Amino acid sequence: MKVRLKKLHDQVIVITGASSGIGLATARLAARRGAKVVLACRNQEVLNQVVDELRAAGGDALAVPADVGVAADHDRILGAAIERYGQIDTWVNNAGVSIFGRLQDVPIEDQRRLFDTNYWGVVYGSTTAAAHLKKHGGALINVGSEVSDWAVPLQGAYSASKHAVKGYTDALRMELEAEAAPISVTLIKPASIATGYADHARNYMDVEPRLPPPLYSAETVARAILYAAEHPRRDIYVGSASKAISSMGQCMPGLADRMAGWLIRHQRSDRPAGDRADALYEAGAPSRADTARGDGDVPHVRRGSVYTHLTTGGRGLLWAGAAALVCGTVIGAARGKRWH
């Protein structure tokens, strides 16, 4: 069954994890493009500030404080959206948390809590959204990661959760297609993104965590998410690094494993670990502007991705150029150079 999606300005979009990072960037862009946005996260104060900001700019937004790890909260999100707007057209499962440290050092209870948010939050949200979207159609968009296809050391629990999200999303897509449900199901796979991700993560290392380069802007992911809200797509890789990692993990797993040392080095900053709040159990405080820090701790942030642009409607869809870009990325990564 061919799924038809509305134009963005005619849509009501639910976004979880909407107070920072990718969720915040997506909410801002969706509101600017005329969508009605329903924003959910645990931090009610920050969420209200975001809604006030969007309304002041002429947008239409609704705040619903919720913990995605609680099944009933998804029913509240949907109920509030229907009460205010009558229906939803796109549901974005974006909320997520991470933990840095060797798996042997990370308590099991922390790993379970991470799965409550990253995996069960997606399951609860997808179940709630699919039941509603079956009635009139729409898009279900789950935010995975470049580590959905290839695990990375020091973020083992996070990698496992994103593998689980991929497996769940792929199976749900096939089941919905088999019953001819009018729902587009998309998995978004971002590369490293310059947000407050590392600041919000629980840390079991002796130094502060960071993400390996290259880093892309949150707006790059937001554009991909909103493209999927209008155009049925199975997967979207955000950044050529994400596609390269997936290709290496599937086609050259031995070579990928030998990059563990590089990945470990580039997830460890030069700053000693300090006492700080994280977002594993409680709502995180606003990070340093949810953007790349300008202190030399991270490399230059890429404002966009040529690869992602070409694969999400860039004029001409220059597949040959995109393929060459990915091949170059793989070769550069294999040689230990910075990914592009």
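Modeller: Before we start, a quick definition: rings of Phe, Tyr and Trp (its six-membered ring) pair if their centres lie within 6.5 Å. Keep in mind that this is a predicted model.

Biologist: Fine. How many aromatic pairs does a search of the whole structure find?

Modeller: The search runs over the whole structure. With that ring-centre cut-off of 6.5 Å, the number of aromatic pairs comes out at 6.

Biologist: Take Y119 and W120: what kind of aromatic pair do they form?

Modeller: Their ring centres sit 5.0 Å apart, with 70° between the planes. Planes over 60 degrees apart count as edge-to-face. So the pair of Y119 and W120, at 70°, is edge-to-face.

Biologist: And is Y119 buried or exposed?

Modeller: The cut-off for buried is under 20% relative accessible area. W120 has 38% and counts as partly exposed. Y119 has 17% relative accessibility, so Y119 is buried.

Biologist: Y119 also pairs with Y168, so which helices does that pair link?

Modeller: That one is edge-to-face too, at 6.2 Å centre to centre and 85° between the planes. The two residues are 49 apart, and the pair links distant parts of the chain. Y168 counts as buried because its relative accessibility is 18%. Y119 lies in residues 108-136 and Y168 in residues 156-178, so the helices are α4 and α5.

Biologist: Which residues do ring pairs link into a cluster?

Modeller: Y119 pairs with W120, and Y119 pairs with Y168. Ring pairs bring F115 and Y124 into the cluster as well. The members are F115, Y119, W120, Y124 and Y168.

Biologist: Back to α4: where does it bend?

Modeller: End to end, α4 has 29 residues and reaches 41 Å from its first C-alpha to its last, close to the 42 Å expected. Still, there is a bend of about 40° along α4, and it falls at W120.

Biologist: Which residue takes a positive phi just after α4?

Modeller: α4 covers residues 108-136. Just after α4, a phi of about 90° turns up at G137.

Biologist: Zooming out, what share of the residues in the protein is buried?

Modeller: The secondary structure comes to 12 helices and 13 strands. The accessible surface is about 14400 Å², with 53% of that belonging to carbon and sulfur atoms. Of the 340 residues, the buried share is 58%.

Key
Residues are numbered from 1 along each chain as its sequence is written. This is a predicted model: local features need pLDDT of at least 70, side-chain atom pairs count only at pLDDT 80 or more; totals for chains, interfaces and linings use all residues. Side-chain values use heavy atoms; hydrogens and water are left out. Rings of Phe, Tyr and Trp (its six-membered ring) pair if their centres lie within 6.5 Å; planes under 30 degrees apart count as stacked, over 60 as edge-to-face and the rest as tilted. Buried means under 20% relative accessible area, exposed over 50%, partly exposed in between (1.4 Å probe, protein chains only). Helices (H or I, at least four residues) and strands (E, at least two) are DSSP runs, numbered from the N terminus. The expected span of a helix is 1.5 Å times one less than its number of residues. The bend at a residue is the angle between axes fitted to the seven residues ending there and the seven starting there. Accessible areas come from the Shrake-Rupley method with a 1.4 Å probe; for residues, only the protein chains shown count as cover.
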